[in-house]
Structures are given as C-alpha cells and as structure tokens.
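Here are my comments on the pockets, the cavity and the helix packing. Please read them beside the model.

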Amino acid sequence: MKKRSGVPFRFFAERGVFCMNILCIGDVVGSVGCAYLQKVLPGLKRELAVDVCIVNGENSADGNGVLPTSAKALFEAGADVITGGNHSFRRWEMQDYLEEQPMLLRPANLPTGTPGLGMTTVDRGRYQVTVINLLGTVYMESLENPFDALDRLLAEAGNPRFCVVDMHAEATAEKKSLAFYADGRISALFGTHTHVATADEQILPDGTGYITDVGMTGPVVSCLGIKPELTVQKMRTKLPVRFAVAEGACAVEGVLFTLDDKTGRTVSVRRIRRHD
C-alpha cells in the first residue's frame with residue numbers, strides 16, 4: 001500500500017497508476033440475501049481493498065421491494081450507497097425513509113416530485129465518488145429518457161471525476177448503448193435487474209468500465225431468488241402466484257471496478273462471486 005496526499009491508494013503496477021476500488025453488488029433478494037451479505041461483505045471488502053461499495057437493494061425486503069429495515073441491514077453489512085429500481089416504491093413505508101437517507105437512491109429519471117434522490121456523492125475528503133441510479137424504459141415504464149437524464153445529472157454534478165452508474169434495465173442493448181453514450185464521461189456503468197450475471201465485463205474505448213448485469217445476492221437454488229416451484233407454477237398456469245424467497249445455500253455476485261486516481265477512468269474490471 002502506498003500513500004498519496006495522506007490517503008491510501010493502491011498502486012496498479014500493470015498500468016503504473018494509483019487506483020481506487022469500487023465494488024458493485026447485484027440485487028439482494030429478501031432477508032435471506034441481506035443476512036448472507038452481512039456475513040460475507042465485510043471480509044470481501046477487506047480482501048479486495050474496497051474504497052466504496054454500492055449495493056442494489058430494491059428486492060431486499062421479503063415479498064418484494066425495499067423496507068427501512070432491509071435498507072438498514074444493507075448499510076450495516078457495509079454498503080456505502082444502496083441503489084433501487086422498478087420496485088423502489090413497492091412498499092409505502094419507504095417514502096419518508098428515502099427523504100431522510102441520502103445514501104439510499106431511487107431511479108433519477110422518475111417524475112419530478114418523486115420522494116428521494118437519484119444521485120448522491122460519497123465524500124471521502126480527498127476524493128468524492130458520485131453515484132447515479134437510472135431506470136431503463138425498454139419493456140418497462142415510460143419515464144424520462146435515461147440518456148437525457150444522464151446528461152442532466154452529469155451537468156448538475158459538475159462532470160465529476162469519479163462517477164458510477166447503476167442502470168436498472170430489462171434490455172441489454174439499452175444498458176450497453178447508454179454505456180457507449182457515456183464512454184469517457186463516467187468511470188463505470190453496471191447493469192442490474194435481471195438477477196443473472198453476464199460475462200461481458202470490459203473497458204470501453206474511452207475508459208468507462210462496463211458489465212451488462214452484475215447478478216444477484218441470494219439463494220443459489222432458486223429462480224431469480226424465488227422458490228422455483230412457484231415460478232414454474234406461474235409460468236405454466238399464467239395465474240397469480242404469491243412468490244416467496246427460496247432458502248438454502250447463497251451466493252453474492254458483483255463486479256470490482258479499479259479506477260485511475262488521476263483520470264477517474266477504469267483500468268480493470270473483475271467479476272466477483274462468493275458462495276456457500
């Protein structure tokens with residue numbers, strides 16, 4: 001470990017630059033996923049020398065959505081910022097809590113007047129990391145265009161050196177198109193929502209790190225975290241089914257972006273998976 005301006009930064013020998021590490025964790029599912037993250041994340045952060053940890057928590061409450069109790073569990077596990085998605089307002093209890101907690105985000109391109117924030121900044125004194133949460137519009141709700149929203153937010157934030165975007169979206173092409181649109185203007189963009197980790201981690205031509213989906217934190221023997229027999233019933237019968245979170249061995253999935261301290265651009269992308 002070397003020091004620069006009194007704050008520790010790792011020296012990335014392959015590139016010859018001082019760097020910082022941003023860990024982004026995929027959708028946490030239910031109290032089972034919260035408990036597993038509390039078990040694994042502290043050690044994972046030490047092992048990977050994590051500077052800032054971003055966790056998607058929009059499914060962290062049992063029965064869908066997020067609750068103040070599940071958000072607090074994620075913060076206690078070691079999340080610096082919790083991002084949301086299309087289920088951010090599934091539980092009415094969240095409206096006041098979103099107003100009170102600036103490190104708990106909901107998508108920034110929801111209508112004007114929506115409770116909470118879609119962008120925040122982790123202030124470490126010597127450096128600040130801006131985190132933006134966006135929601136896709138392909139096969140989802142008709143909202144402000146995320147491309148326009150990103151332009152607006154970057155301008156509001158003064159084009160920050162370190163900026164990471166959670167793009168919560170259904171369509172892979174929408175996520176990747178937004179990343180190319182923002183290439184060189186943000187540090188990294190990671191996709192959430194599908195709960196299935198993709199193998200396309202990469203650094204785009206102008207230095208923005210990217211992965212289409214970071215995956216899920218929750219039960220391994222499940223269908224996106226839900227008991228498989230319930231999703232099978234839903235798919236076969238097309239009738240309403242009350243979903244329940246699966247049990248058993250769990251995994252945490254995510255991605256580690258290593259950012260150049262001087263430019264804010266990504267110098268390394270690494271998929272992360274830990275399981276029982």
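1. The second largest pocket holds about 170 Å³ of space. A pocket here is an open set of points on a 1 Å grid over the protein atoms alone, with protein on both sides within 12 Å along at least five of seven lines. Points are joined across faces, edges and corners, and the volume is the space filled by probe spheres set on them. Its lining residues, those with an atom within 4 Å of a point, include G85, N86, H87, Y139, E141 and H193. By class, the lining has six nonpolar, five polar and one charged. Nonpolar covers Ala, Val, Leu, Ile, Met, Phe, Trp, Tyr, Cys and Pro; charged covers Asp, Glu, Lys and Arg; the others, Gly among them, are polar.

2. The model is predicted: local features need pLDDT of at least 70, side-chain atom pairs need 80 or more, and totals for chains, interfaces and linings use all residues. Numbering starts from 1 along each chain as its sequence is written, and side-chain values use heavy atoms, with hydrogens and water left out.

3. The largest pocket has about 470 Å³ of space. It has 19 lining residues, and N59, N64, L224, I226 and F243 lie nearest its centre. The lining splits into nine nonpolar, eight polar and two charged.

4. How many cavities of 30 Å³ or more does the structure hold? There is one. A cavity is a set of grid points where a 1.4 Å probe fits but cannot get out. The volume of the largest cavity is about 50 Å³. Among its lining residues are E58, V66, T83, M94 and L105. β6 (81-83) and α3 (94-100) each give two or more residues to this lining. Helices (H or I, at least four residues) and strands (E, at least two) are DSSP runs, numbered from the N terminus.

5. Helix α1 (residues 30-48) packs on helix α2 (residues 68-77) at about 15°, with axes 8 Å apart. Axes are lines fitted to C-alpha atoms over the stretch in contact, and angles run from 0 to 180 degrees between N-to-C directions. The two helices are therefore roughly parallel, a term for angles under 35 degrees. C34, L37, Q38, L41 and P42 of α1 meet S70, A73, L74, E76 and A77 of α2; contact means heavy atoms within 4.5 Å. These residues divide into seven nonpolar, two polar and one charged.

6. The axes of helix α4 (residues 146-156) and helix α5 (residues 172-182) come within 10 Å and cross at roughly 35°. P146, F147, L150 and D151 of α4 contact E174, S177, L178, Y181 and A182 of α5.

Conventions. Parallel < 35°, antiparallel > 145°, perpendicular 65-115°, else oblique.
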